[in-house]
Amino acid sequence: MASLVHKALDAARFTGSSPKGLYWAFRHPNPDAPPQTYRLCRRDRNGWKLLLAASAATGEVLAFYVETSEDQQAVREALRWLGIRGEVLPGDPAVLRLATGQEFPSTLVGGEKPKKRGA
């Protein structure tokens with residue numbers, strides 16, 4: 001049985017975006033991004049947190065963020081699906097170490113701030 005992460009990434013590969021369940025995957029919308037770049041997001045309250053943005057074609061990681069052990073497992077599965085060799089090292093902050101030796105500390109990227117009511 002395929003995991004929720006694999007199902008989301010498979011749907012993004014074939015249609016451009018997966019249905020929005022616990023995980024949402026989609027092709028990177030920017031034309032200047034490396035080819036075959038996908039974003040994997042996790043539902044967080046009333047929004048989304050970007051867990052991983054990476055290119056299957058080049059192996060380049062654009063963004064990485066984990067909060068929980070479930071996030072770490074989701075990123076590991078996504079890396080495997082993308083064909084990128086690397087490991088999530090726990091810590092504060094967690095670090096993604098690729099087989100090339102590059103390291104990426106866990107960093108929350110973007111996100112809109114909630115709008116104030118009545119403003």
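These are my notebook entries on a predicted model of a single protein chain.

**Overall layout**

I started with the secondary structure and found two helices and seven strands. Going along the sequence, I read the pattern as α-β-β-β-β-α-β-β-β. Then I looked up burial: of the 119 residues in the chain, 42% are buried. The accessible surface comes to about 7400 Å², and carbon and sulfur atoms account for 52% of that. For contacts between residues at least 6 apart in sequence, I noted that 32% join residues at least 24 apart.

Next I went to the open sheet, where three strands sit in the order 5-6-7 with antiparallel pairing. Its edges are strand 5 (86-89) and strand 7 (103-105), each of which pairs on one side only. On average, neighbouring strands here are turned by 20° against each other, direction ignored.

I checked the join between strand 5 and strand 6 (residues 95-98): four bridges, antiparallel. Which residue of strand 6 is the bridge partner of Gly-86? I get Leu-98.

Helix 2 (residues 69-82) lies across strand 5 and strand 6, and I have its angle to strand 5 at about 170°.

The loop between strand 5 and strand 6 contains Pro-93. I looked at the peptide bond joining Asp-92 and Pro-93, and it is cis, with omega about 5°.

**Aromatic pairs**

A search of the whole structure gave me three aromatic pairs. I took Trp-24 and Trp-48 to begin with: their ring centres are 5.3 Å apart and their planes stand at 55°, so I log the pair as tilted. Trp-24 belongs to strand 1 (residues 23-27) and Trp-48 to strand 3 (residues 47-55), so this pair links distant parts of the chain, 24 residues apart.

Trp-48, at 26%, is partly exposed.

Then I turned to Tyr-38 and Trp-81, an edge-to-face pair with 5.4 Å centre to centre and 90° between the planes. Tyr-38 lies in strand 2 (residues 37-44) and Trp-81 in helix 2, so the pair ties together parts 43 residues apart in sequence. I also looked up the cover on Tyr-38: it is buried, with a relative accessible area of 7%.

Trp-24, Phe-26 and Trp-48 form one aromatic cluster. Lys-20 lies over the face of Trp-24, at 4.2 Å from the ring centre.

**Positive phi**

Last, I looked up backbone torsions. Where does Gln-36 sit? I find it in the loop between strand 1 and strand 2. Gln-36 has 49% relative accessibility; exposed needs over 50%, so Gln-36 counts as partly exposed.

Arg-45 also has a positive phi, about 50°, although it is not a glycine. Arg-45 lies in the loop between strand 2 and strand 3. At 73% relative accessibility, I put Arg-45 down as exposed.

Conventions:
Residues are numbered from 1 along each chain as its sequence is written. This is a predicted model: local features need pLDDT of at least 70, side-chain atom pairs count only at pLDDT 80 or more; totals for chains, interfaces and linings use all residues. Side-chain values use heavy atoms; hydrogens and water are left out. Buried means under 20% relative accessible area, exposed over 50%, partly exposed in between (1.4 Å probe, protein chains only). Contact means heavy atoms within 4.5 Å. Accessible areas come from the Shrake-Rupley method with a 1.4 Å probe; for residues, only the protein chains shown count as cover. Two strands pair if DSSP finds at least two bridges between them. Axes are lines fitted to C-alpha atoms, for helices over the stretch in contact, and angles run from 0 to 180 degrees between N-to-C directions. Rings of Phe, Tyr and Trp (its six-membered ring) pair if their centres lie within 6.5 Å; planes under 30 degrees apart count as stacked, over 60 as edge-to-face and the rest as tilted. A charge sits over a ring if NZ of Lys or CZ of Arg is within 6 Å of the ring centre and within 35 degrees of the ring normal.
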